[in-house]
Every structure is written in structure tokens, then in C-alpha cells.
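I opened my notebook to look at one structure, piece by piece. Come along and look with me.

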Amino acid sequence: MTTRCGFVALVGAPNAGKSTLLNRIAGAKLSIVSPKAQTTRFRTLGIVVHQDAQIILVDLPGIFKPRRRLDRAMVNAAWTGSQDADLTLLLIDAKAGLREDVREIIAKLAEGNKKIWLVLNKTDLVSAEELLPLTQEVSGLLTVEHVFMLSARSGDGVEDLMNHLARELPEGPYLYPEDDLTDLPDRLLAAELVREQIFMQTHEEIPYQATVETESFKERPDGSVRIEVTIYVSRPGHKAILIGEGGHKIKSIGARARMELQGLLERPCHLFLNVKERAGWDEEKARLRAIGLEE
Ligand SMILES: Nc1nc2c(ncn2[C@@H]2O[C@H](COP(=O)(O)OP(=O)(O)OP(=O)(O)O)[C@@H](O)[C@H]2O)c(=O)[nH]1
């Protein structure tokens, strides 16, 4: 059997519907979907096997004008991801059309020579007649290989996109063992929610320096889950800040993340957080890249 495998980057302006599409495709709550713009702070991998192809989706942060160092790093990560991928899906909110932020993304993509597929989302909100001029306008600015029209919310047209992806990714073995995939979305979600709380409850240099990994994820007979998450930092000072006086900070991060996680997984969660120092972590390029924060 010939298998195919590849990385697919999702690029779109804030609110284009990236998280919704990713969740629809992977069938799990992989990203934090919110009507507020720029909630997708970090790259999240969604991995799905469709017709003998393993499709590794990279959910990129909304591209916006970076002011702070961390934002710059995130935007950079977004574009690096796009450059590493086998192909890039440019997701556009068909209802909002070519707003300025979409034009900026198109201009940036036009500089590279990446394989781009145009995905017009939210077709449930617009008429077919409106889609054609939009397609033509984008095609005038950028070379696109395929055009898809879908509704991430209803799922209409998503199968067609998946079929094309499965057919056109490069031939090769699966990069992720299939057995590992079952609880991967939930593991990623746990790590991502912890990361988000670190982001919200500490100074910005901490999330930039830290990496979060779900070490174990075990279902209990009573239907609850026991999750162990480790936060790796490179400096003793960061460890102290994360833990806080009397463990106050880490407790607060854990409590909040657990609440969010419970809501999304829809079952009781027992979340245990560890903070560990990993010397020489800065040099671990691979890990930096894994969380998409290489500058
Ligand atoms: N009507 C309609 N709404 C959609 C569709 N896809 C997404 N939405 C809505 O659009 C809003 C933004 O969707 P998200 O998936 O959070 O967008 P995102 O691109 O991940 O946004 P960021 O987190 O800012 O990067 C949400 O309120 C979604 O419910 C669609 O196909 N149709």
C-alpha cells in the first residue's frame, strides 16, 4: 500500500475560522475556538488519517502587526510553519472578503513560492454569486493551485478538501505512529491550556522561555482523567516565578487550566503540574521549533 504524509499549514486572518476548520477535520477540540480574535496563540498540530494519507495540520496564529517581542516570535513562527509545510491553505472568511489584513497575508504569501490552496470559508453566510468575484480577485494577486469553498461550521465542502489533500500530499510513510494518535488531541489541548494560563498569569518572558508537555494522560474507571503536565524552564528564576510564593501561582495556573479543560473535555479532570528546569534548554532548537517560537 502506498501511503502519503505531509504538513499542511493553515494561514488566515484572525477569525477566518482556522480553529473551527481544524476541529472539524480532526474531529476533536484541538484549538480553543472563540469569537474573539487572536485566541490561537500557539501552533497546534492536528493529525488525521484520511484515505491512506496522514495529514499533519499546523494551526498558525493569526497574522497581525507584531509590536511586542513575543508577538513577533509568534508571527515569525506562523510564517516559518508556512514555509516548512508541503502546502499552505489560505483560509479566507468569504463574508468578510478581502479586508486589509487578508491583503497583507496575500502579499506576504505572494513573495514566496509556496504551493497555495485557497479555501473560502463561511459559505453558509454568502451566496454563490459572491464567491466567484472573490476567487478572481485573490487569483489576480496570488497563484493558487486549487480553490475550495466550504463551511467549517456546517462541514459542507470539507470532505472534498480532505480528499484532495489525501491525494496530493507527497508519498511517504506516516510520521506519527497511528496508535499514538487516539489521545493526542487531548494531550495537546491540556498542554495548550496550561500554556495559555502561563501566558495570562505571568510576565511575557516566561511563556516565551517555557515549554509545556503532557507527560501522562490516563482515563480512570470513574470516567475522569488524570493528567500530568510538565512545564520546562531554562532558568531557576523562572521556576521560582512560576511556582510563586507558597505555590500560589502554579496553583492558580493549574486551577484555571483544569476548569477550562474540564469544560472542553466534558468530564472531571485531575490536573497535576510540575515545573522542571532543563539546563541547556535554549540550545534545544528542536524543542523551540516544536512550540513554534524560534526567532
Ligand atoms: N457562519 C460561519 N461561522 C464560522 C465558520 N467557521 C468559523 N466560524 C465562526 O467564526 C469565528 C472565528 O472562528 P475561529 O475558528 O475561532 O477562527 P480562527 O481563524 O481560528 O481565529 P483566531 O483564533 O483568531 O486565529 C467563530 O465564531 C466561528 O464560530 C463557518 O463556516 N460559518
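**Before I start.** I am working with a predicted model, where local features need pLDDT of at least 70, side-chain atom pairs count only at pLDDT 80 or more, and totals for chains, interfaces and linings use all residues. Residues are numbered from 1 along each chain as its sequence is written.

**Entry 1: strand E4.** I took helices (H or I, at least four residues) and strands (E, at least two) as DSSP runs, numbered from the N terminus. Is strand E4, residues 87-93, mostly covered or mostly open? I found it mostly covered, with 7 of its 7 residues buried. A residue counts as buried if 20 or more other C-beta atoms lie within 10 Å of its own, exposed if 12 or fewer, and partly exposed in between, with C-beta atoms placed from the backbone. I then checked both faces of E4: Leu87, Leu89, Leu91 and Asp93 lie on one side, Thr88, Leu90 and Ile92 on the other, and all are buried.

**Entry 2: the partners of E4.** Two strands pair if DSSP finds at least two bridges between them. I saw that strand E1 (residues 4-12) runs parallel to E4 and is joined to it by 5 bridges. Here Val11 stands opposite Leu90 in E4. Strand E5 (residues 116-121) also runs parallel to E4, with 6 bridges between them. In that pair I found Leu91 opposite Val119 in E5. I followed the chain from E4 through helix H3 (residues 100-111) to E5, and this β-α-β crossover is right-handed. That term means that, with the strands pointing away from the viewer, the path from the first strand over the helix to the second runs clockwise.

**Entry 3: helix H4.** I looked up how many of the 14 residues of H4 are buried. The count is 1, and H4 is hardly covered. This helix (residues 128-141) reaches 21 Å from its first C-alpha to its last, close to the 20 Å expected at 1.5 Å a residue. The expected span is 1.5 Å times one less than the number of residues.

**Entry 4: an open sheet.** I found 3 strands in the order E7-E8-E9, forming an open sheet with mixed pairing. Strand E7 (211-219) and strand E9 (269-277) are the edge strands, each pairing on one side only. Strand E8 (residues 225-233) pairs with E9 in the parallel sense over 9 bridges. In this pairing, Thr230 stands opposite Asn274 in E9.
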